[in-house]
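Morning, everyone. Let me put the model up, and then we'll go through a helix pair, a chain contact and the confidence values.

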Amino acid sequence: MLGPSGSGKSTLVRALAGLVPHFHGGRFEGSVEVCGEDTRRTRPADLAGQVATVFQDPEEQVVFGRVEDEVAFGLENVGAPPAAIASQARAALAALGAEHLAGRRIAELSAGELQRVCLASALALEPELLLLDEPTSQLDPDAADALVRLAAGLGVAVVMSEQRPAGPLEVCDRVLFLEDGVVVLDAERDSAVRWLARNRPAYLDRHPEPPVSAPAGLCVCRLEHVSYAYGGGPPVVEDAGLELRVGEVVALVGPNGSGKTTLAKLAAGLLEPARGTVDLRGRAAYLAQDPGRYLVRDRADEEVALGVDGDVARASVALAAVGLAGFEERHPRDLSSGERERLALACVLVTEPDLLILDEPTRGVDPERKDALAALLRARAAGRATLVVTHDVVFAAEVADRMVSLGVPEAVHA
Amino acid sequence: MKPAPAAALFAAMGAAALLAERWISVAVIAAVLLAVCLAAASGRRRSLYLAGAALTALSVFLLTPFVETIGSHPIWTGPTIPVVGTLDVTREELAGGAVAALRLLGVSLAFAAYALLLDHDRLLRSVRAGRRSTLAVVLATRLVPTLERDAAGLIEALRGRGVAVAGARGHARLVSPLVAGSLERAYNLAESLEARGYGRPGGTRALQPSWRPLDWLALAGAVAFVVVGVLWL
């Protein structure tokens, strides 16, 4: 299921789960029949077991503090035999390559690991219909690809809403495209691909031309031999070095848990390295992974204006630059996930920093908006250094002059 | 040891601290509980609980002489306040305050040990009755650390765009978005619970590991501790 942010994909997923109309208010017309049940008369809890849903944000779905308890929870709710619950939970984790996480605490998991746990919780139920709302948003490319192929091989009906369509398009049978709440395409894969090529080429697997790079200017930020560990634990970043120059867009890529966000925060001055030096010349602005951290004010323009001493005129310009013109009076919490991501981007762009650091800026953003974002970053690259932390290798190829790859646990070298 | 018998043991020690007659017994119980708490991983959380226990006990010690009127050996005589009477502090009141403070310290440290050392999820999953209440307690115990993480995230995001958060006023401005964020999180969690079948009849529970001899011994010890506390300590 593809479509721009705010087109209704998540709402349709919820309709299939019965959450619309039972959990969410509003006006409901027509009917939805799932596994022989009319969702107007069957509550979502009664559909659980036949239908399993994984929502966009894994952190807002977990109940327990330990992985094995979390995965077992759904099985308990649907009345699975007590003696079988633990083994079914372990099997679900193993199917996702996450069996090693069984005894771990949820709070210790990375975003990608947590998403796998949520998926395991759904798979454990052995549903007939699996609903996945942007399940790869927090996964690195290898993990995302593995997940998509796993979902395709389950032998159950799978509805996957995605903003990284390349992988799903390879394995799906059918494609829906939504726009403004309307299904504008419902076709077999090959026909759908031809339609996308004519009408929405951004959604197809692309090999974008690398950007035309201008010579890099002065060094804005230099990290030398930096190391960092959280709370006395093992080092997340060890003996890393990185140099960021004016006019240069650098993409920082790597698997989940490799230390990309930590390195980015060190560069932004939000963390002090345990060892090594960070030489930052000028102002840095950092866009956090979670757009929910940019919901402090009651209006979008006031939220953006926080970083520029309340200048709502500049905030309006920044909102327009990210495609949110006309959203000034909207409450940030009324925005869709992709719109919130763009609002967060406006919050940091408006400050016009010397070093702009974006941590996963394309999460929940549709391909057309990603192209617009890449163009925006390239257009404004001349005046600053830009560091983009991303799993999206297509976006990275489109926007970056240079790619730096973080492995586990090798150091980064610019 | 399973969390349930361990919790029973901590509760018994707290009860014994309240019930024991001799102050030396109360002091020993408090000392043992303090040693147990210090065995927990050091960090901000442990410091908070211990500081809270100490502060509570100190408050009781300081206030007791002014709310009780016992003894005939005044150490200090203060002003006469209408209705309240003459303020004074006697040796007996100080001694009584010290014992009351020790009791409260013992109870506070028992709770601190429960909070710091036990796996609350495992403890509450071992409870057979009151499944919905169990879940509510599980989620509530995670509320404070979740809010702390949210607040840290908000502050980091603000710092990331050059907005400093300083002073009481600056931090107070975070209360509204934190509350709104909590409500939104609760709403999304409720949606997830509904989708995962929570609340439908016929739910089961995963088999819990059987208690070992050490667990039964701890439970028996907890009962014995309370009895000994009442009768002899």
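Start with H7(B) and H9(B): their axes come within 10 Å and cross at roughly 125°. Axes here are lines fitted to C-alpha atoms, for helices over the stretch in contact, with angles from 0 to 180 degrees between N-to-C directions. Therefore H7(B) counts as oblique to H9(B); oblique is what remains after under 35 degrees (roughly parallel), over 145 (roughly antiparallel) and 65 to 115 (roughly perpendicular). The crossing of the two, H7(B) and H9(B), is right-handed, meaning the near helix is turned clockwise from the far one by less than a right angle.

Which residues meet? From H7(B) come Leu147(B), Asp150(B), Ala151(B) and Leu154(B); from H9(B), Pro177(B), Leu178(B), Gly181(B) and Ser182(B). Contact means C-beta atoms, placed from the backbone, within 7 Å. By class, this helix contact has five nonpolar residues, two polar and one charged.

A word on provenance. This is a predicted model: local features need pLDDT of at least 70, side-chain atom pairs count only at pLDDT 80 or more, and totals for chains, interfaces and linings use all residues. Residues are numbered from 1 along each chain as its sequence is written, and chains are lettered from A and ligands numbered from 1 in the order written.

Now the chains. Chain B puts 36 residues into the contact, chain A 49. On the chain B side, H9(B) gives the most, with 11 residues.

Last, confidence (pLDDT, from 0 to 100). Chain A has a mean pLDDT of 89, with 96% of its residues at 70 or more. Residues 408-414 of chain A stay under 50.

Terms used. Two residues are in contact if their C-beta atoms, placed from the backbone, lie within 7 Å. Helices (H or I, at least four residues) and strands (E, at least two) are DSSP runs, numbered from the N terminus. pLDDT is the predictor's confidence in each residue, from 0 to 100. Ala, Val, Leu, Ile, Met, Phe, Trp, Tyr, Cys and Pro count as nonpolar, Asp, Glu, Lys and Arg as charged, and the others, Gly among them, as polar.
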